[in-house]
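This text walks through one structure, beginning with a single helix and moving on to the nonpolar cores.

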Amino acid sequence: MDTVTLLDELQKRAWRDPAIRNRLLDTRKASDTLSAFCRECRKLGYEIYEMELICAGEEFHAAMKRSTNGGGENSPMLTDEDDFYELFMASLERKSERNGESMHSINDCYTLNDGARIPVQGFGTYKVVGHDNVQILKTAIRCGYRFFDTASLYETERSLGQALKESGLPREDFVIETKLWIPERGYENAKRALEASLSRLQTDYVDLYLIHWPRQTGAWDENWKEINAETWRALEEMRAEGKIRSIGCSNFLPHHLISLLENCKVKPAVNQLELHPGHSQEAAVRFCLDHDIRPMAWSPLGRRCDSQDADRYLLNPLAEKYGKSPAQISLRFLTQKGIIPIPKASSEAHMKGNQDIFDFTLTEEEMWMISCMPQTTWQGEHPDFCIPSKEMNPDQ
């Protein structure tokens with residue numbers, strides 16, 4: 001079994017119990033040799049770690065071989081079993097972070113595949129419009145949000161830029177994500193779109209810039225692959241110029257991502273999808289995680305008005321069990337799956353409530369129950385056949 005297969009198997013057998021981790025660390029400290037460590041692990045019944053040990057061992061021996069051959073870029077010089085233990089524990093840490101299990105607040109961060117850091121929860125600005133939209137965004141900042149999601153379509157970039165400026169906090173304290181709309185795809189269009197967004201946001205760079213949707217019409221003969229490739233080339237160039245820190249996608253399913261991955265120089269760092277209980281898109285999320293693309297969730301609460309059955313039979317009982325709301329159960333579900341939720345809220349109470357999800361953990365059984373819920377609360381949009389036809393306001 002190769003290392004990639006081993007890693008995939010490890011993800012399926014997720015390790016969650018911090019008590020076991022502490023016992024494992026104690027076992028490590030009490031073991032004089034690697035063989036003693038493995039023997040004690042087996043004695044304690046830690047079968048799930050055998051895959052991890054083998055995988056770390058393969059990494060160790062591969063790194064040892066690189067060291068013998070003179071090393072190279074990002075090739076550590078490994079010398080003894082202590083290096084193996086470090087690889088082993090680092091592997092556990094990576095897996096824990098991947099599943100969102102080591103996070104304790106909305107501003108704990110994941111590390112993206114390009115090295116950038118991103119908070120585990122963002123604040124959505126779609127339809128945050130009106131005379132008090134700047135005040136709503138300033139309230140979100142006061143409540144602790146530092147990661148904000150917007151788009152050229154939303155008509156909230158200008159308000160977000162003003163709110164960030166009036167906060168008095170330095171630009172580097174924030175993570176700003178925006179997106180180019182469907183007609184803004186294409187090489188030259190994408191470059192013009194970013195400049196317009198930067199102007200509205202009153203900043204000289206964005207932390208994340210995404211292609212909002214992969215297709216425009218859904219017609220079988222649509223040349224969406226070529227258009228996306230041209231758009232991506234523009235994003236890569238603007239990233240190299242420092243105008244973008246990370247680039248990514250929104251509403252891309254595996255077949256849309258594959259066409260980018262086959263030709264890109266810089267792989268997508270994130271992919272934003274409609275994800276919530278009743279519409280968890282397991283195949284798309286698994287593809288993202290397997291390719292080290294961090295999934296994000298827009299509409300992470302679904303349409304609550306359409307969720308009576310889901311709430312009544314599953315989310316409400318779980319909410320009662322944990323002393324939480326169905327919305328908090330939904331956000332916790334996504335976070336435990338390693339997905340970054342981007343909820344919206346207009347009141348301070350809801351903003352704080354959406355953050356209060358780090359003092360409980362759903363069981364593995366409960367996670368499977370939610371994952372296998374019948375389809376419900378879907379927003380009705382799909383990147384291949386229900387593509388939104390909304391028009392962007394060019395004069396916003």
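The buried residues of helix α6 pack against β3 (123-124), β4 (147-149), α7 (157-167) and α14 (348-355). Helices (H or I, at least four residues) and strands (E, at least two) are DSSP runs, numbered from the N terminus; buried means under 20% relative accessible area, exposed over 50%, partly exposed in between (1.4 Å probe, protein chains only). The model is predicted: local features need pLDDT of at least 70 and side-chain atom pairs count only at pLDDT 80 or more, while totals for chains, interfaces and linings use all residues. Residues are numbered from 1 along each chain as its sequence is written, and side-chain values use heavy atoms, with hydrogens and water left out.

Helix α6 spans residues 133-142, and seven of its ten residues are buried, so the rest of the structure largely encloses it. Those buried are N133, V134, I136, L137, T139, A140 and I141. Just after α6 comes G144, with a positive phi of about 110 degrees.

A nonpolar core is a set of buried Ala, Val, Leu, Ile, Met, Phe, Trp, Tyr and Cys residues joined through side-chain atoms within 4.5 Å. The largest one has 82 residues, of which F123, F148, Y209, L235 and I370 touch the most other members. Helix α8 (residues 187-201) supplies the largest share of this core, six residues. Apart from this core lies another, of seven residues, among them A151, Y154, I182 and W213.

In helix α11 (residues 282-290), the buried residues include A284, V285, F287, C288 and L289. After α11 comes D292, whose phi is positive, near 60 degrees.

Definitions and conventions: Contact = heavy atoms within 4.5 Å.
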